[in-house]
Amino acid sequence: MDELTMEILTEKFNQFVIDCNLKSSNRVSGNIAPQVKEHSVCMDENSLSNGTNEISPDKGHTLPILKKILDLSSKIQELKNQHVALSDHVKLTTDSFPGLVVNSVQSLGTEYELLKRKYLEEFAERRRLYNEVIEMKGNIRVFCRCRPLNENETANGHASVINFESSSDNELQVICSDSSKKQFRFDCVFRPDDNQEAVFAQTKPIITSVLDGFNVCIFAYGQTGTGKTFTMEGTPEHRGVNYRTLDELFRISEERRSVMKYKLVVSMLEVYNEKIRDLLAENSDQPTKKLEIKQAADGTQEVPGLVEASVYGIEDVWEMLKSGNSTRSVGSTNANELSSRSHCLLRVTVMGENLINGQRTRSHLWLVDLAGSERVAKTEAEGDRLKESQFINKSLSALGDVVSALASKSAHIPYRNSKLTHILQSSLGGDCKTLMFVQISPSAADLGETLCSLNFATRVRGIESGPARKQVDLTELFKYKQMAEKLKHDEKESKKLQDSLHALQLRLAAREHMCRNLQEKVRDLENQIAEERKTRLKQESRAIAISAQPSRLATLKEAPTRKPLAEKKPPLNPSKLRIPLRRITTNILPQPSPMPPKKNGKENTARKSIMMRNAEDLVKPRRASIAMRPQAAAPSTSQVFQPRRRVSIATFRPDASSDLTTPLRGSACGFTSGQHSSIRSQRKARYSRLFAPLPEMRASVETTPSIMRSSSKFMGSPIGAVRNPAVVALQRKSFVWSPLKLRSLRNSRKSSLLPSRPSSEMQ
Ligand SMILES: Nc1ncnc2c1ncn2[C@@H]1O[C@H](COP(=O)(O)OP(=O)(O)OP(=O)(O)O)[C@@H](O)[C@H]1O
């Protein structure tokens, strides 16, 4: 019992109770109340125990029931209050959920949006791919259908001239009168025993394109009486393409209901004697208004005033098709008792709306049953039939011209040459899908027409697979093939280049490593040279000091009569007071840069040049002139003991003619003259060996062209630029001009990482 009923009952019983109470009070006022009350209670209990309730206000039996009702009412009220309390308690608000739930709901919402977007993308992708499949199959496809031999033909003994057995599925052979066979190939070939389902199964895929927003045109072409109407319209028992197509459209739209909303509108017209007739006009018996083809703003062809009937189910369609067909122009010919004397066009306009993104589409599906092509002579048409035949043939010829123009990709397509082609303009060619049924008769009597129809169909098929169209596809294919090959080739090349680059990088790294090693060795050798020089200078200065002792004494004796040398000689030109003297004193050659050797050859060369210049400075002949000073009487001790000058003299300018040390040394050390000369000659020979340039070096310096000489990597400066043999000797890494180290160096030559090479090799 719902709440409302309970409330009504409660109210009624409340009223009843009030009434009863009033009556009871009346009785009480008549002094019968106590007895009645007791009796009532008694009765109530009895009646409850007996399971019977007799409600009789007069007898007071109603009171217990009322009491019960009141109890129940109060209970109901109580329950109601409880319900309200509970409702308040469980009232759901956003705050009543924990944060986790709210977050989950929010993330689910986001996920839903994402999925929706993805679905839309997938939907678009599916549509694109499906369209591609259809296009790959061919935007214009041709199916051939052969009807069975009819009774007349069998009776007249006409044999079938169509051979399906020896050919593959999509091929047929026509046995000509001279027993030769002509083979034809189509996208699909239906034999006489193929039923309507089989035909539609192959037709179905193209229909889906209409719902995807593409224009589609399906038409049946062929000789009269070959089954065009049978294929397109069919019979109530064997429904044709028209009915099945609409059925399929409804089925798919139902399938996509959650995403897409479709509206189907149907129009039906015929082109009869180059006039357009609306087959759905309500009163077709009346002369219909003249319909003309106009171009709409979007470039499509429209027929203003044409009835457009919305259909919501297949039942509507069948009724509508029946009514339309009933008004179609038919007539009896020799070939067909109910021959279609017009082209019948059923137009289905599909308006789609995407429920997710609101995108709208509008596309047309044309289902055309053409009038039969026929030979006027054969049909023996006269009068109206002849006129009809002429119009039919004219418009079919116009259709053939359009097909030819499309096949040859002609700039001008003669759509306007007939009403039929004009109205189908936006559904023939372009990106719309076209399916043609070429209907043929198997009878030998129709051989000529059959061959004509098959040839025409082959031309139509040529739009898709013929040279013009195919060429485009092949060109594209070829282009992609070429691109793929080029890509492959480029990949190979780039791999090769990468490999060689890697090898070069490895080689470069090895070279750099070697260079670093060599630079280190150069530094080591330079340090070694500096050390050697220092040691030698010390030795020489010691020797000079010893040899200068007697002359110094003599000088001291002559001192009063002589002027100091400094007074006699003008001070040295500042430019001649060369800094390298200090270097000689310290005996430290310019240190190599702490920075790692750079790859830049110029910098290396410059640095080496500086080093070589410094080395050259050290061996300037001026030291020789200063070295002669000890022979002259030194006026002061400070001048005599100039270790720098003396050191440089002795070291860098060994001169065979100047006898620097022998007399002094001889006297100092007590050697005899013969001993002196022997020692002197030994030392001289040793120095000569040391400082004289190597014979091969000299030879190379003289003979090697300057370009070749300057190409020396490790010397830093071209050898040709170094004139002084001592410097040349310095540049020889293995050549250390230290007598002390000479032996050890000679020994270490074999194990040295810098092998002593002939100068020609070094260059
Ligand atoms: N595949 C088939 N199976 C059985 N019967 C067929 C078949 N095709 C055609 N017929 C029959 O052949 C006869 C002629 O068919 P239909 O009227 O469809 O020819 P048509 O090409 O439309 O002729 P027209 O151009 O003169 O209108 C019909 O009786 C039809 O039932």
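This is a predicted model: local features need pLDDT of at least 70, side-chain atom pairs count only at pLDDT 80 or more; totals for chains, interfaces and linings use all residues.

**Stop one: a pair of helices**

Select residues 196–211, which form helix α6, and residues 241–255, which form helix α8: the two pack at an angle of about 50°, and their axes are 10 Å apart.

**Stop two: the contact**

Now show side chains where the helices meet. On α6, pick F200, T203, K204, I207, T208, V210 and L211. On α8, the partners to pick are V241, R244, T245, E248, L249, I252 and S253. Colour them by class and the contact of α6 with α8 shows seven nonpolar, four polar and three charged residues.

**Stop three: α8 by itself**

How far does α8 reach from its first C-alpha to its last? Its 15 residues span 20 Å, close to the 21 Å expected at 1.5 Å a residue. Next, highlight V241, N242, Y243, R244, T245, L246 and L249, the buried residues of α8. Among them, V241, R244, T245 and L249 are also on the α8 side of the contact with α6.

**Last stop: zoom out**

Bring back the whole chain, with its 27 helices and 16 strands. Of its 763 residues, 26% are buried. Take the contacts with a separation of 6 or more: 69% of them are between residues 24 or more positions apart.

Key:
Residues are numbered from 1 along each chain as its sequence is written. Axes are lines fitted to C-alpha atoms, for helices over the stretch in contact, and angles run from 0 to 180 degrees between N-to-C directions. Helices (H or I, at least four residues) and strands (E, at least two) are DSSP runs, numbered from the N terminus. Two residues are in contact if their C-beta atoms, placed from the backbone, lie within 7 Å. Ala, Val, Leu, Ile, Met, Phe, Trp, Tyr, Cys and Pro count as nonpolar, Asp, Glu, Lys and Arg as charged, and the others, Gly among them, as polar. The expected span of a helix is 1.5 Å times one less than its number of residues. A residue is buried if 20 or more other C-beta atoms lie within 10 Å of its own, exposed if 12 or fewer, and partly exposed in between; C-beta atoms are placed from the backbone.
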